[in-house]
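Please keep the view open as you read.

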Amino acid sequence: MCKKKIITALPATILSNATKYKDCISTDEVLYLYEDMILGRYFEDMCAQMYYRGKMFGFVHLYNGQEAVSTGVIKLLNSDDYVCSTYRDHVHALSKGVEPKYIMAELFGKETGCSKGRGGSMHIFSAEHNFLGGFAFIGEGIPVAVGASFQSIYKKQILNKNTTLNVTVCFFGDGTTNNGQFFECLNMAVLWKLPIIFVVENNQWAIGMAHHRSTSLPEIHKKANAFGLPGVEVDGMDVLAVRKVTQTAIERARSGEGPSLIEALTYRFRGHSLADPDELRSRQEKDAWLARDPIKNFKSYIIKNHLVDPNILNAIEIKVKQNIQNSVNFALSSPEPKLSELKKYLFVED
Ligand SMILES: Cc1ncc(C[n+]2csc(CCOP(=O)(O)OP(=O)(O)O)c2C)c(N)n1
Ligand SMILES: [Mg+2]
């Protein structure tokens, strides 16, 4: 029988690397990153409240604990770059610039939601932001993201459109890397030198299955070697470390050199979904990761290094809370979709 292993620490090489990334960052960048992380955390906390008050239906998977990954990666993208998410998608959409009120309204099933209230939590979508979704099936987004990156390169190289090569970022979890689409898509991405970045958010668990019990080689980044693309491991609780490795991957993709894989080691602070009592993970393991909270750590780093006046951080927190309250009010006061229009968006209309 497999012995229970508690994953509490990151590899020493990762931890020692992380501090050296924290060198040159401007005050504006610090504030930009901090605000995005706070937005993600407060938004999800509000979702939990609203879910338990019966305002949302179906499964709702929250992102608490993983904010450094979304912020560290997406905040480096151009607005017309693509992001493909999973069912844990609210915060990726927020980082990509989808307004919280449209996501909240979607979660409430309202007509004003970003998917017109027909999608819900697992199907956040915004064509305007090149945010490709929101997918309930694991691994479903990977081929979609490969398709998006294929059209980018096709436009530039075959249709000779003289545009900047768009980059696609595809997020998925550790458990998903045991699915076939992952391997098939790494193969195609390398073969066609696609401008795509595969970001594995290794939060150590796939619902109640511990990562090391379900996979042949728990160091996922090493699987990239088999297909010939760079695979790097990063401390996913350190926004600056994530940002640093993403910069390299974006430069590679944008210049036509091809795909990269980033494995971000992280942890979800809540159960798999809001319906999960979260009884399978040990207290000891949870506490070890909670002590590495990416937002608290980034805040104390900012304060310790006198990067920003703490009052400014407090003001950001108040502003974000107000924004989220406004989003709830917007969602509450928005209309339901009309029953007669239930099938309205199933097919493209002429
Ligand atoms: C194709 C498919 N098989 C099984 C499931 C059931 N399922 C939902 S979430 C999940 C675990 C995914 O874990 P991981 O990829 O690590 O993502 P995380 O939830 O940790 O973010 C599974 C197996 C599914 N949604 N789709
Ligand atoms: Mg996982």
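## Ground rules

This is a predicted model, in which local features need pLDDT of at least 70 and side-chain atom pairs count only at pLDDT 80 or more, while totals for chains, interfaces and linings use all residues. Residues are numbered from 1 along each chain as its sequence is written, chains are lettered from A and ligands numbered from 1 in the order in which they are written, and side-chain values use heavy atoms, with hydrogens and water left out.

Helices (H or I, at least four residues) and strands (E, at least two) are DSSP runs, numbered from the N terminus.

## Helix α6

Helix α6 takes in residues 141–157. With 17 residues at 1.5 Å a residue, α6 should span 24 Å, and its end C-alpha atoms agree with this, being 24 Å apart. The expected span of a helix is 1.5 Å times one less than its number of residues.

Which residues of α6 are buried? They are Gly141, Ile142, Ala145, Val146, Ala148, Ser149, Ser152 and Ile153. They cover an arc of only 160° around the axis, which puts them on the same side of α6. Here, buried means under 20% relative accessible area, exposed over 50%, and partly exposed in between (1.4 Å probe, protein chains only); the arc is that of the directions from the helix axis to the C-beta atoms. The cover over the buried residues of α6 includes β1 (82–84), β2 (168–173), α7 (180–191) and β3 (196–202).

## Helix α7

Next comes α7, whose 12 residues should span 16 Å at 1.5 Å a residue; the end C-alpha atoms lie 17 Å apart, which agrees. Its buried residues are Phe182, Cys185, Leu186 and Ala189. Seen down the axis of α7, these buried residues fall within an arc of 110°, so they line one face of the helix.

The buried residues of α7 have cover that includes α6, β2, β3 and β7. On the face turned away from the buried side, α7 carries the exposed residues Glu184 and Leu191. Just after α7, Lys193 takes a positive phi of about 50°.

## Around ligand 1

Which residues come nearest to ligand 1? Of the 14 residues around ligand 1 (a heavy atom within 4 Å), the nearest are Tyr87, Arg88, Gly175, Thr176 and Trp205. A polar side-chain atom of Arg88 is 2.8 Å from an oxygen atom of ligand 1, and a polar backbone atom of Gly175 lies 2.8 Å from an oxygen atom of the ligand. Asn203 has a polar side-chain atom 2.9 Å from an oxygen atom of ligand 1. The protein covers 72% of the 590 Å² of accessible area that ligand 1 has on its own (Shrake-Rupley method with a 1.4 Å probe; for residues, only the protein chains shown count as cover).

Asn203 sits in the loop between β3 and β4 (205–206). Asn203 is buried, with a relative accessible area of 5%. Not counting residues up to four places away in sequence, Asn203 touches Gln66, Arg88, Asp174, Thr266, Tyr267 and Arg268, where contact means heavy atoms within 4.5 Å.

The 26 residues of α2 should span 38 Å at 1.5 Å a residue, and its end C-alpha atoms are 38 Å apart, which agrees. After α2 comes Gly54, with a positive phi near 80°.

Asn64 lies in the loop between α2 (27–52) and α3 (67–74). Is Asn64 buried or exposed? At 4% relative accessibility, Asn64 counts as buried. The side chains of Asn64 and Asp45 are joined by a polar contact of 2.8 Å. A polar contact is a pair of N or O atoms within 3.5 Å; within protein, one must be able to donate a hydrogen and the other to accept it, and residues adjacent in sequence count only if both atoms are side-chain atoms. Leaving aside neighbours within four places in sequence, Asn64 is in contact with residues including Arg41, Glu44, Tyr267 and Arg270.

Asp278 belongs to the loop between β7 (260–265) and α10 (283–290). Asp278 is buried, with a relative accessible area of 14%. Its side chain makes a polar contact of 2.9 Å with the side chain of Arg281. Beyond four places in sequence, Asp278 touches Arg268, Arg270, Gly271 and Lys286.

Lys244 lies in helix α9 (residues 239–254). Lys244 is partly exposed, with a relative accessible area of 40%.
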